[in-house]
Each structure stands twice: as C-alpha cells, then as structure tokens.
Amino acid sequence: EQAEDGPKAVREWNALRDRLKTLGGSTTAVSLLNLRQDAGFLATTAGSLPFVLTHPDVFADLPLTFDSLHKTVDEIVTVPFLRNFIDTMCIFCGFPAKGAMTAHMLYILERFFEESACYAVPIGGTCEMGNTLQRGLEKFGGKLQLNAHVDEILVEDGRAVGVRLKNGNVVTARKAVVSNATPFDTVKMLGEEQELPKGVAKWRSELGKLPRHGAIMHLFIAIDAEGLDLSHIDDPAHLVIQDWDRSMQDSQNLCSFFIPSILDKSLCPEGKHVIHVYSSGGEPYEPWEKLEVGSPEYEAYKEERAEVLWKAVERCIPDIRNRVEFSIIGSPLAHEAFLRRDRGTYGMAWAAGTSAPHAGLLGNVLPFPFPNLKTPVDGLLRCGDSCFPGIGTPSAAASGVIAANTMTSVDNHISMLKEVSERDPMYKFLDPGFAANLYKPLVGPITPSPELRGMQKMKYSSSPKAVAPVEEAAASE
C-alpha cells in the first residue's frame with residue numbers, strides 16, 4: 001500500500017516527529033534508571049534540573065506524555081496510510097495509537113528512524129540475554145533458582161515475609177518479596193487462608209479484574225536454505241497486515257516474522273535458517289480452554305489458527321513448507337503453561353487516557369495508566385509488564401530497575417548512578433550531579449520506605465524445608 005498523497009504524508013510525518021521531540025523532553029530529562037517510588041526521587045533525578053529550568057514546557061507537556069498517543073496524532077496526521085503505519089508501530093505495546101501511552105512510543109516513533117538506527121539481534125540467540133542477566137545476578141551475590149514455581153506469597157502481621165514453592169520449600173526474605181508475575185497471578189498467590197492487611201481485599205479484587213489482552217500464537221521454524229536467495233530482504237524482521245480495515249489487535253490480521261540467522265550465522269548450521277513467527281496479542285483464550293492439550297481437536301485447532309502465520313512467511317519464502325525440517329506451534333495454552341501467565345495473556349490492557357486503579361499519587365495528577373508497584377501488603381512490590389513503563393522486554397526490565405531502586409537507600413542509588421555515568425561518556429546523563437546533595441539530607445533518612453527496611457524473623461524459617469533467607473524473594477513467572 002502507498003500513501004494517496006505522498007508529499008503530504010511526508011510533511012505530516014516530519015511534523016509529528018518534531019512534536020514528539022518536544023514531548024520527548026520530559027523523558028530525555030530523566031532516565032528510567034534514575035526513578036524510584038519514594039521521596040528519594042527528588043535527589044536521584046536532581047540532574048534534570050538544568051534541563052527543566054531551560055525547558056519549562058516540560059511541565060506543560062507532561063500530562064500529554066502519559067496520555068494516549070492518538071491525541072497528538074489526531075492534531076497532525078490526516079493521511080490514512082500514515083495513520084495506519086503509526087497504528088502498526090504502536091500495536092506491540094498492545095494498542096493502536098488510540099490507547100498507546102505516548103511515553104511508551106516516543107522511542108519507537110522517533111529513534112527508530114534516526115539515520116544511525118539499525119536492527120540488532122543478541123549474538124548466540126535470545127537466550128544469551130537471559131544468560132547475561134544471570135551472570136550479572138551471580139556476580140553481585142544473587143542466585144537464580146529454576147523449577148521453583150511459587151505457590152503462595154507468605155504474609156505475617158501484615159507483611160510479606162517470603163514465598164512457599166509448589167514443592168513445599170519456603171524461601172524467606174530479609175527485605176521484600178517482588179512479584180514480576182501478572183497482576184492476575186500475583187493476587188492469586190496471596191491465597192485465601194492467611195490473614196491479610198486491611199485494604200488488600202479491595203486491591204486484590206480490582207487488580208484481578210483489570211482488562212487484559214488476549215494471548216499470542218507462535219510458530220517456530222527451522223528450514224533448509226540451500227539455494228534460497230534472501231538478498232531481497234534488508235531487515236530480518238517484518239510485519240504483515242492482512243487487511244487495513246480490520247483491527248490490528250486481531251491475531252488473524254497482524255503478525256510478525258523474524259529471521260535472526262540472517263544477521264547471526266552462529267544460530268544454526270550452514271545452509272539453514274531459523275524463523276520465529278508470532279501474532280498480535282489478541283488471540284482469544286475461550287476456544288482454547290475447552291480443548292485438551294494433545295488431543296486431535298487441539299492439534300487440529302493449532303494448525304487452523306497458525307495457518308495465517310505460515311502464509312505471512314510465504315510472502316517472503318513461497319516454498320517454505322517444502323523446506324521445513326522442524327516446526328512447532330505455540331498456543332495460548334502453551335503461553336499459559338510455560339510463561340505462567342493467567343489465560344496466556346499478552347498483558348494488562350488498560351488503555352492510556354485515564355488513570356488505572358491504584359495508580360498511586362501520580363494517578364491523581366496525571367492520566368497514569370499503570371497500577372502502583374507498591375501494594376497494601378508491606379514488603380510486597382510488583383514489577384513487570386503491568387507496571388510502568390509497560391509491555392515489552394525493555395519496559396518490563398525498566399520496571400524491575402525502578403523496584404530495585406525503591407528497595408535501596410538514596411545513597412546507594414546515587415552511588416550506582418555516578419559509577420555508571422563514569423564508565424562511558426554516553427551515560428553521563430545518569431549522574432544526578434551536585435543538586436542531589438541538596439536533597440539528600442531531606443530524603444536520605446526516609447529511604448527506603450519504612451515497609452522495606454527489613455523484617456522480623458518469620459515463623460516459617462524453622463521449617464525443615466526452609467531455604468536460607470535472601471534479600472528479595474521473587475514471586476515470578
């Protein structure tokens with residue numbers, strides 16, 4: 001498809017990018033690594049003061065930054081093709097422009113199109129991202145425990161004190177329990193038997209009923225690439241839209257395929273390629289929950305729903321089905337089982353434009369579309385794609401950083417920011433500077449928050465199945 005009025009589309013696109021640059025001032029001024037959810041943020045973000053003082057419009061634009069992107073797009077863009085294109089860029093945060101938080105999309109719609117931008121894949125495959133994170137965790141004394149599914153978050157005297165695993169073992173926490181599970185799974189892990197603090201019932205009910213996206217269909221393929229000419233492909237990642245008049249949240253309308261072995265030859269033997277194809281996060285769960293995994297009906301339905309994924313790749317490799325050496329389909333039930341996500345959901349579906357329930361103080365002054373990472377249970381924090389800044393690996397990782405910052409003192413947080421800023425000039429912007437010293441005497445004594453300053457010895461620690469206490473017990477997926 002091409003724009004009906006090409007020159008007009010270019011003008012509108014450039015005008016939108018210019019506007020996003022001014023909106024991006026609020027995100028440029030403060031890095032996500034500087035954020036924390038207590039009064040300590042006054043010190044850790046103090047480095048933004050010079051920018052704010054010279055760009056006072058940052059405050060005027062702040063509400064729009066957290067609002068729905070369509071409000072900005074509607075003021076500037078009229079060409080249907082361009083509006084469709086913007087919706088496509090937004091959809092992997094779960095919504096088209098109407099519903100996508102502007103701050104979430106500033107990076108994609110602006111920096112993707114800088115001349116120096118390029119597509120990159122982790123050398124050795126996506127698993128290397130996990131391996132790198134594990135090395136970092138262990139380097140600083142952390143421990144990653146596998147096959148440790150959490151059955152219950154343990155609460156004593158109104159405080160989260162650890163987790164009980166499904167194998168019966170108990171992991172106690174010296175400081176906090178952090179859940180990166182969905183809000184729907186987190187509230188279930190609080191159980192029904194233990195006594196919980198006042199206010200938890202309402203919080204649990206409202207979080208458990210938040211709107212959610214559907215699931216994702218996956219197709220993983222390994223092919224014989226002998227004689228296959230892919231020189232016409234400039235990018236290993238492609239989006240395929242079946243019909244612009246249908247919703248892009250329809251998993252049978254929008255999908256993406258990715259051929260990482262084009263860039264990283266180490267991913268498979270010479271003469272082979274690996275391909276990942278996946279739908280948008282709108283695959284309905286209801287038809288799947290009636291099926292038994294492994295049954296003929298289940299296998300047939302998998303093939304039926306994955307047909308659109310095969311056809312997407314056939315646009316690039318017409319004879320792909322003849323080249324297949326291995327393929328496997330991932331259904332919403334697989335998403336639910338392996339990722340431990342309730343109903344296989346892609347994530348929380350609170351559209352930007354209004355504040356989500358339990359958005360905290362920020363939700364009273366801005367249309368903040370995420371629940372607070374703090375909870376009514378002392379010592380229980382949340383992170384992940386249901387927290388700011390939202391869906392997607394970089395966003396979920398950033399929410400984990402914000403949770404970690406919140407659990408440490410301002411002194412530790414500032415020291416880390418200064419250390420990182422000195423390692424490379426490109427990270428200089430992280431340094432909160434001299435201004436941080438002005439706030440430290442005020443906020444230092446009250447950080448971390450009282451509910452995160454360690455805990456009494458829990459009664460579960462004497463259990464024969466107890467595990468040694470850790471600084472943070474993770475109730476995760």
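Select Cys-268 to begin: with a relative accessibility of 13%, this residue counts as buried, where buried means under 20% relative accessible area, exposed over 50% and partly exposed in between (1.4 Å probe, protein chains only). The model is predicted, so local features need pLDDT of at least 70 and side-chain atom pairs count only at pLDDT 80 or more, while totals for chains, interfaces and linings use all residues. Residues are numbered from 1 along each chain as its sequence is written, and side-chain values use heavy atoms, with hydrogens and water left out.

**Cysteines**

A disulfide is defined as a pair of cysteine sulfur atoms within 2.5 Å. Cys-90 is buried, at a relative accessible area of 0%. The disulfide count comes to 0.

**Loop between helix 15 and helix 16**

Move to Arg-343, in the loop that runs between helix 15 (332-339) and helix 16 (362-365). Helices (H or I, at least four residues) and strands (E, at least two) are DSSP runs, numbered from the N terminus. Arg-343 has a positive phi, near 60°, although it is not glycine. Its relative accessibility of 24% makes Arg-343 partly exposed. Now select His-358, also placed in the loop between helix 15 and helix 16. The phi of His-358 is positive as well, near 60°, and this residue counts as partly exposed at 28% relative accessibility. Most residues other than glycine have a negative phi, and most peptide bonds are trans.

**Two cis peptide bonds**

Zoom in on Phe-388 and Pro-389, whose peptide bond is cis with omega near 5°. Pro-389 sits in the loop between strand 9 (380-382) and helix 17 (393-406). Then go to Thr-447 and Pro-448, joined by a cis peptide bond with omega near -10°. Pro-448 belongs to the loop between helix 19 (435-443) and strand 10 (466-475).

**Helix 17**

Finish on helix 17. Which residues of helix 17 are buried? They are Ser-395, Ala-398, Ser-399, Ile-402, Ala-403, Asn-405 and Thr-406. These cover an arc of only 160° around the axis, so they lie on the same side of helix 17; the arc is that of the directions from the helix axis to the C-beta atoms. On the face turned away from the buried side, select the exposed residues Thr-393 and Pro-394.
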